[in-house]
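The entries follow the order in which I looked them up.

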Amino acid sequence: MWPSHYALDDRREGQMARRESVQSGPGSQALIVDLIRSAGTISRTELTEATGLTQPSISNIVRRLIEDGLVRETGRAAPRGGKPRTLLEINASAKYGIGVQLGFESITLVATDVRGGVVGRQLVDGAGSATPEQVTDRLVTLYRDFVAGVGLVAPSIAGVAVVAPGPIAQLGGVLLGPPTLVRWDDFPLQQALQESLDVPVVVDNDAAAAAVGEFWSRQVSRTESFACVYMGTGIGAGMVLGGALYRGSSSNAGELGHISIEVDGVPCHCGNRGCLERYAAPAAVMAAAEAVRDRLDGLGLGFAPETLSRDFDQLARAAVSGHEVALGLIRFSADRVAAATVTLANLLDLDRLVLAGPGMAVAGSLYARAIRERLEERFFARRAHPIVVELSANPRDAAAIGAASLVLQGTIAPGHGPALTR
């Protein structure tokens, strides 16, 4: 999973030694950390060549990172004439991030190290119909018991990030009416948690977090235009450009599920019409399945809000196994997601796309195939370069892992992640 070779090059000519032309300053640390992260191991000389910073600037930044325990020296590169180069790598155990994926049916807690490796995981019942205040008190208890069980001490924890479906006011950490958490409209979750926890707290969008987690743990180069299509109860996307999450004006960029695929289509709760989610999200697929439920006997489908995730997984398993009706329903969804993804790819001229989220856990291969085929046929720049389409290695936990990555990025790569305050 972690290539040892110097991985700054990509398909486009001259990018291996592309100069960033940045000035030495606060943003330089984020750049240096990002280059070390994506390379796996790299020397100071290669950092100088890649950034355009002077050798003294590189030396000063690296020295601070080593003193802070974030980076360490790890052997020497094969000699190319002259003194062998000392290699640098991220110190995975320098800090830990805690990610919490908040959902109606389940809550997932994850602890990761700096390189995105999961060191602890817990799955518990979701928010359900409880009040936000009740769930917040429960989250505080869960967090304390979880970090104690994993064996983490407060100084090693960079912070905790709670992620949920949007829209979210990221500045202030307020949930703005997430569709599956109907009692949480305008609830100041960040403030409520911060009053009880002694580490920085961040509240963010689940799809955005998943994108950061996939970018971070896959060692994707900052030169790549990267996106993650995330399907949970809804469908969203996170985009990482130039090593940093693209947030938009209010940190609600990437609402792929609210791209209109039918101009005068079905009204959506967001105020738009014909939104992708109304045709392709798990709830829409199960609504279509209920209309032909007599042809789905034997799959054990409950057709109830509280069984939505389980029902969608059951339908997806049947589709993968070749059940004709189930396969048709999933393919209909996958084709619509693929059409919206072409729009995303054309807007951003993507290099790489990862599919994540609970909705991709079982039938992700069907969605990946539909998206690859549509991109190969209709992506505007397909003759210039292909788009790599991959499945997350851990689609169900991608948002929780990404949440932990958010706080770690904000700690060791300031400027690329959220500002962490207490």
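Predicted model: local features only at pLDDT ≥ 70, side-chain atom pairs only at ≥ 80, totals over all residues.

I took buried to mean under 20% relative accessible area, exposed over 50%, and partly exposed in between (1.4 Å probe, protein chains only). Residues are numbered from 1 along each chain as its sequence is written, and side-chain values use heavy atoms, with hydrogens and water left out.

**Entry: strand β7**

I looked up strand β7 (residues 157-164) and found eight of its eight residues buried, so the strand is largely enclosed by the rest of the structure. Strands here are DSSP runs of E of at least two residues, and helices are runs of H or I of at least four, numbered from the N terminus. I counted two strands as paired if DSSP finds at least two bridges between them. Strand β4 (residues 96-102) pairs with β7 in the parallel sense over six bridges, and glycine 99 stands opposite alanine 161 of β7. Strand β11 (residues 201-205) also runs parallel to β7, joined by five bridges; there, valine 160 has valine 201 of β11 as its bridge partner.

**Entry: salt bridges**

Side chains of opposite charge can pair when their charged atoms come close. My criterion was a side-chain nitrogen of Lys or Arg within 4 Å of a carboxyl oxygen of Asp or Glu. The structure holds 15 such salt bridges.

I noted arginine 222 with aspartate 34, whose closest N and O atoms are 3.4 Å apart. This pair links distant parts of the chain, 188 residues apart: arginine 222 lies in the loop between α6 (206-217) and β12 (226-231), and aspartate 34 in helix α1 (residues 26-39). Both arginine 222 and aspartate 34 are buried.

I next noted arginine 352 with glutamate 224, at 3.1 Å, N to O. Arginine 352 belongs to strand β15 (residues 352-356) and glutamate 224 to the loop between α6 and β12, 128 residues apart. Glutamate 224 counts as buried because its relative accessibility is 10%.

Which residues does aspartate 313 bridge to, and how far apart are the closest N and O atoms? The partner is arginine 396, at 2.8 Å. Aspartate 313 sits in helix α9 (residues 308-320), and arginine 396 in the loop between β16 (388-391) and α12 (398-412), 83 residues apart. Aspartate 313 is buried, with a relative accessible area of 10%, whereas arginine 396, at 33%, counts as partly exposed.
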